[in-house]
Amino acid sequence: SLPSKVKIVEVGARDGLQNESTPVSVDVKISLIEKLADAGLPVVEAASFVSPKWVPQMAGSVDVFKGIKQKANVNYPGLVPNIRGLESALESGVKEIAVFAAASESFTQKNINCSIEESINRYTEVIEKALENDLKVRGYVSCTLGCPYEGEIASEKVAEVSKRLSDLGCYEISLGDTIGTGTPIKAKQMIETVAKHIPMPQLAAHFHDTYGQALANLFAVLQLGVSTIDSSVSGLGGCPYAKGATGNVATEDVIYMLNGMGIETGVDLDKLLEAGRFISDQLGRKPNSNVGLARYV
Ligand code: HMG
Ligand code: MG
């Protein structure tokens, strides 16, 4: 049955902007994050403490994080790939980090330059230190419905990597359809397989919309009881290590769908549309959500 409430994790300022070729200043990022929080989003991913050689778009993350006027009931997580990243996160004053693994060996190599096993070893230390510092830790698993290098990925592999992150102390596991190749029945089967090992309330759906399947896939997994959805304002983004991957499903479209089904999110669609309009103007284009375009004048 469908959940009555859904938690939206807004990833546009990170997953979105990490893949935009137009440079976006620290001040614009701060404004975007503040507008998203003002729109009622409970979680606004705000930073990525990765190597600037690998992802130059996220280089100003410490300044972005320090510059945000934080709201009391909003989480502002930042991505952390290694101990070096955790140090930057702690310096910035984050309260929540996200580590990111994948169910594909090749994607892991391209994305973080190590094997799945090495990544779990790295994250073991990162998570331990983060928990010692009273940070919450979220875990991402990429390529859950396909890999740009290996094609099909077994759901059992997704479940195995998810379980390992969960056992290390991640309070939530976000399952990424990194390249948006998934379709509804497959999305359902993948979630069902992972949910044999991790309780449903700890799972999040992080679907990219490359093939236009994301809303259909979300509707499918909502029916299983998934109640956390990652999405990106104005459909920003992609992944620098997954060629051709377009943005996450647009937050505006997710909110419109959930509103229509009477599912609560606490998000003000009009304010969200303004945030989408703001960042689209900065990038010199029209909003890249269906709702944003329908309301565009
Ligand atoms: P490496 O080259 O193997 O690591 O990269 P290294 O330790 O040899 O470091 C290389 C250089 O980077 C060194 O600088 C380090 O100091 C520096 P140099 O000595 O050459 O001057 N460095 C750092 N600088 C700042 N912060 C750090 C850091 N670490 C090293 N934390 C590494 C390994 C993991 C660092 C690199 O591969 C990396 O940063 N990868 C991140 C890739 C990334 O951000 N991908 C996108 C996020 S994942 C995603 O989008 C998917 C998701 O949305 C879910 C989904 O859709 O599926 C989450
Ligand atoms: Mg992503």
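Analyst: A residue is called buried if 20 or more other C-beta atoms lie within 10 Å of its own, exposed if 12 or fewer do, and partly exposed in between, with C-beta atoms placed from the backbone. This is a predicted model, in which local features need pLDDT of at least 70 and side-chain atom pairs count only at pLDDT 80 or more, while totals for chains, interfaces and linings use all residues. Residues are numbered from 1 along each chain as its sequence is written, and chains are lettered from A and ligands numbered from 1 in the order in which they are written.

The part examined here is helix α10. Helices (H or I, at least four residues) and strands (E, at least two) are DSSP runs, numbered from the N terminus. Helix α10 spans residues 251-260 and is mostly covered, with 7 of its 10 residues buried. These are Thr-251, Glu-252, Asp-253, Val-254, Ile-255, Tyr-256 and Leu-258. They pack against β1 (7-10), α1 (12-16), α9 (214-222), β9 (228-231), α11 (269-282) and α12 (290-294). Contact here requires the C-beta atoms of two residues, placed from the backbone, to lie within 7 Å.

Within α10, Tyr-256 counts as buried because 21 other C-beta atoms lie within 10 Å. Leaving aside residues up to four places away in sequence, Tyr-256 touches Leu-269 and Val-291. Between Tyr-256 and Val-126, the C-alpha to C-alpha distance is 37 Å, at a separation of 130 residues in sequence. After α10 comes Gly-262, with a positive phi near 75°.

Positive phi values also occur elsewhere. Most residues other than glycine have a negative phi. Cys-143, however, has a positive phi near 60° and lies in the loop between β6 and α7 (155-168). Cys-143 is buried, because it has 32 C-beta neighbours inside 10 Å. Asp-134 likewise has a positive phi, near 65°, and is placed in the loop between α6 (116-132) and β6. With 7 C-beta neighbours inside 10 Å, Asp-134 is exposed.

Turning to the ligand, 26 residues surround ligand 1, the closest being Val-50, Ser-51, Gly-85, Ser-142 and Gly-176. Elements giving two or more residues to this shell are α4 (83-92), α5 (105-112) and β6 (136-142). The largest share, 3 residues, comes from α4. A residue is near a molecule if its C-beta atom, placed from the backbone, lies within 6 Å of it.
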